[in-house]
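Subject: Structure for your review

Dear colleague,

Please find below the structure that I am handing over to you. My notes on it follow directly after.

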Amino acid sequence: MREGHDGGPALFRLVRFWSRRWAGRASEELTGESRHVQHILVVEAVVTNASRAVPGEDAVVTVGTVAHQLGLDHSGASRMVRDAVEAGYLARATSERDRRRACLRLTESGEELLATARRWQRQAFDELTASWPEDDRRRFASYLRRLADDVGA
């Protein structure tokens, strides 16, 4: 493969860069506390899974779907969900289809956290690409959305 098309190393350089930096920075700027990044991750996972519901059917988001979305084992996801519920960002309800399962949904506070996180994400993108021509920024954003959609992120 030609080097110009070899985006893999660049992609993973960015992942390494952001995995060490974004979490603390985003959480501090959004909530004033670095530990809230887990709440942001859980809220994003719930929204992502809920958005994949079949039209006309209720979205069923469980701890298992959050675990899958975040790449965690069930017990780790369960603790993160429990903490987000205790913080008021998520609510649990019993599934109407299967009474043994708990379904998750965002609360009003969760919606506010998500909106704040999305504003911060857009601001970070704008800052990182500020020196780029507008067409490049728009095209890159489109490719990022396409990649995220293709991998189910």
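At 41% relative accessibility, Ala-93 counts as partly exposed, where buried means under 20% relative accessible area, exposed means over 50%, and partly exposed lies in between (1.4 Å probe, protein chains only). This is a predicted model, in which local features need pLDDT of at least 70 and side-chain atom pairs count only at pLDDT 80 or more, while totals for chains, interfaces and linings use all residues. Residues are numbered from 1 along each chain as its sequence is written, and side-chain values use heavy atoms, with hydrogens and water left out.

Ala-93 belongs to strand 1 (residues 90–94); helices (H or I, at least four residues) and strands (E, at least two) are DSSP runs, numbered from the N terminus. Leaving aside residues up to four places away in sequence, Ala-93 touches Arg-101, Ala-102 and Cys-103, contact meaning heavy atoms within 4.5 Å. The C-alpha atoms of Ala-93 and Arg-105 are separated by 8.1 Å, and the two residues are 12 residues apart along the chain.

Tyr-89 is found in the loop between helix 4 and strand 1. Its relative accessibility is 13%, so Tyr-89 counts as buried. Not counting residues up to four places away in sequence, Tyr-89 has contacts that include His-36, His-39, Arg-105 and Leu-113. Between the C-alpha atoms of Tyr-89 and Glu-111, which are 22 residues apart along the chain, the separation is 7.6 Å.

The next topic is the nonpolar core, a set of buried Ala, Val, Leu, Ile, Met, Phe, Trp, Tyr and Cys residues joined through side-chain atoms within 4.5 Å. The largest nonpolar core has 20 residues, of which Val-42, Val-43, Val-46, Val-66, Val-81, Leu-90 and Leu-106 touch the most other members. Two or more residues each come from helix 2, helix 3, helix 4 (74–86), strand 2 (102–106) and helix 5. Helix 2 gives the most to this core, namely five residues. As for Val-81, its contacts are Val-42, Val-63, Val-66, Leu-90, Arg-92 and Leu-104, not counting residues up to four places away in sequence.

How do helix 2 and helix 3 cross? The axes of helix 2 (residues 37–50) and helix 3 (residues 63–70) come within 9 Å and cross at roughly 105°. Axes are lines fitted to C-alpha atoms, for helices over the stretch in contact, and angles run from 0 to 180 degrees between N-to-C directions. Helix 2 and helix 3 are therefore roughly perpendicular to each other (under 35 degrees counts as roughly parallel, over 145 as roughly antiparallel, 65 to 115 as roughly perpendicular and the rest as oblique). On the helix 2 side, the contact is made by Leu-41, Val-42, Ala-45, Val-46, Thr-48 and Asn-49, and on the helix 3 side by Thr-65, Val-66, Gln-69 and Leu-70.

Finally, the structure holds two aromatic pairs. Rings of Phe, Tyr and Trp (its six-membered ring) pair if their centres lie within 6.5 Å; planes under 30 degrees apart count as stacked, over 60 as edge-to-face and the rest as tilted. The rings of Phe-125 and Phe-140 are stacked, because their centres are 6.1 Å apart and their planes are at 15°. This pair links distant parts of the chain, with Phe-125 in helix 5 (residues 108–128) and Phe-140 in helix 6 (residues 134–151). Trp-132 and Phe-140 form a tilted pair, 5.2 Å centre to centre with 55° between the planes.

Yours sincerely
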